[in-house]
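Subject: Structure for your records, with notes

Dear colleague,

Please find below the sequence and the structure that I am handing over to you. My notes on what was found follow directly after them.

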Amino acid sequence: MLDIRFIRENADLVKQSLLDRNSKLNIDEIIALDNEKRKLLREVEQLRAEKNKANDEISRLLKEKKDPKDKITSMKEISARCDQLDGQLRTIEEKLNTALLYVPNLVHSSVPRGTPDKAQIVRSWGSLRQFDFPPRNHIEIAEHLDIVDFTRAAKISGANFLLFKGWGAKLERALFNFMLDFHTKHHGYTEVFPPYLVNRKTMTGTGQLPKMEEDMYRLKDDDLFLIPTAEVPVTNIYADEILEEEQLPIYLTAYTACFRREAGSYGKDTRGMLRVHQFDKVELVKFVKPESSYEEHEKLVANAEAILQALGLPYRVVLLSSQDISFAASKCYDLEAYAPGVDKWLEVSSCSNFESFQARRANIRFRRKDTKKLDYVHTLNGSGVALCRTVIAILENYQQKDGSVVIPEVLRSYLDGKETIP
RNA sequence: GGUGGGGUGGCUGAGCGGUUGAAAGCGGCAGUCUUGAAAACUGUUGUGGGCGUUACGUCCACCGAGAGUUCGAAUCUCUCCCCCACCGCCA
């Protein structure tokens, strides 16, 4: 969420940012609401001040054993007027607060403006493998090795669910174990294991609600939501808390399953393993001081890249354009691993700086040591990395002519020392 | 799910209709003392917001959340949420 005062004082800047995002949101309506709110607030507060004074008078009269009847009568009047105005004020405040929850974050100056094709490939790593046979795609490989059962997954849950089997299931487990170990050992992250079900407040804190409710799995009876990413529970760990400056930066990593309805995303990419309703992901979350958040962002991306490098998967780093970054983000890099079987660059990580957008919503602050003042932290997160598509990249990059798949070296200790599947 | 007890400032904890933003203690900060530190003593110490001639002043709000009673609510009533204990169920 943006600070209403900031919006009021920088209306043109906010409008330009909305244009850059191709958002149709009307900021003038919000500013008008804010003006109306402040006007009412002034009136209400004036009445309240009168009320307080009258109350002191009554109190004094009672103490002096005098009759406060006249005062009480006039106080009744003030009270009634106050209640009426207060009601109006509350209605406006509610409208304003709701409207503010729909305003996306400002776009950082380093983000290329324009449509998604304006994204910039910042760097690439690894070389694309030259095959001496036509590479198969991951579906063929997985079915041949009998490590994913698409048919039975559909039977027990529906389309776009996966059932990993045998070495497929083990590979999945090996991957997230390896990633968690890597980030905790080499990158200084603390591992957490959060709940998969979260409440409405938590979903609002990171920005999924109220705008994207349709994309979320929701348990109606309890008003709980299945997390679409560990970002949601992990970022909210410090909701409504005040951190000390010395505690920052805080680096957390978590493995969770992620659940996405992706309502309306039919068509391409839905077959097989590219877009599924449940997938595994290791997430990286940072809480940092505002002045260092862009530096921390670059480090976060490097942490995610290290995983792909360790796995030996060729990838590229893409700086998303203003119309492609998510609602809550100021700046975002995607990591795309190359999958030769489908001949595609697959998004396996998305690393964003949210600046104070989420911190403001979730009310995560810290106290500065020198000035003793409170300030919102900056939050960042990135996948480190998302499985499923990483599995695809591994299967397609490491496939052999005979149909087997070589296991990346770093994973072997997690797989009984095995070198190939089968 | 049932019964009982609770939710007050950074923390512990008093207050249970009228100068209570809230006692006291701890912690934090500043000072005195000290070669320095500790101890002791003294002072100080919340957050958010409105307005203005904006290093300041002033007003308003905030005692889990919301509604109600009342001239007036941290204090009384109701609803909800959360925590603790015990019971039930259970991996």
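I begin with strand β11 (residues 344–353): seven of its 10 residues are buried, so β11 is largely enclosed by the rest of the structure. A residue is called buried if 20 or more other C-beta atoms lie within 10 Å of its own, exposed if 12 or fewer do, and partly exposed in between, with C-beta atoms placed from the backbone. Helices (H or I, at least four residues) and strands (E, at least two) are DSSP runs, numbered from the N terminus.

Please note that this is a predicted model, in which local features need pLDDT of at least 70 and side-chain atom pairs count only at pLDDT 80 or more, while totals for chains, interfaces and linings use all residues. Residues are numbered from 1 along each chain as its sequence is written, and chains are lettered from A and ligands numbered from 1 in the order in which they are written. The pLDDT is the predictor's confidence in each residue, from 0 to 100. Chain A has a mean pLDDT of 92, and 98% of its residues reach 70 or more. The scores of the model are ipTM 0.87 and pTM 0.93.

Strands around β11

Strands of a sheet pair through backbone hydrogen bonds, either parallel or antiparallel. Two strands are counted as paired if DSSP finds at least two bridges between them. β11 runs antiparallel to β10, to which nine bridges join it. Within this pairing, Cys 332 has Ser 352 of β11 as its bridge partner. The hairpin of β10 and β11 has four residues between the strands, and Asp 343 there takes a positive phi near 50 degrees. β11 is also joined by three bridges to strand β14 (residues 378–386), again in the antiparallel sense. Here Ser 352 has Asn 381 of β14 as its bridge partner.

The pairing continues from strand β10 (residues 331–339) to β9, through five antiparallel bridges. Ala 337 in β10 stands opposite Tyr 315. Strand β9 (residues 315–319) has four of its five residues buried, so β9 is largely enclosed by the rest of the structure. β9 pairs as well with strand β1 (residues 120–125), antiparallel and over five bridges. In that pair, Tyr 315 of β9 stands opposite Trp 125.

A separate description: the sheet of β3, β5 and β4

An open sheet of three strands has the order β3-β5-β4, and its pairing is antiparallel. β3 (197–199) and β4 (218–219) stand at the edges with a single partner strand each, so one side of each is left without a neighbour in the sheet. Strand β5 (residues 224–226) is joined to β3 by three bridges, and Leu 226 in β5 is the bridge partner of Leu 197.

The nonpolar core

A nonpolar core is a set of buried Ala, Val, Leu, Ile, Met, Phe, Trp, Tyr and Cys residues joined through C-beta atoms within 7 Å. The largest such core has 88 residues, and those with the most contacts inside it are Leu 335, Ala 337, Val 385 and Ala 393. Helix α7 (residues 166–186) gives the largest share of this core, eight residues. Two residues are in contact if their C-beta atoms, placed from the backbone, lie within 7 Å. Residues up to four places away in sequence aside, Ala 393 touches several residues, including Leu 313, Ala 337 and Val 348.

The chain as a whole

Chain A contains 13 helices and 16 strands. Along its principal axes, the C-alpha trace of chain A spans about 100 × 45 × 45 Å. Buried residues make up 36% of the 422 residues in chain A.

Yours sincerely
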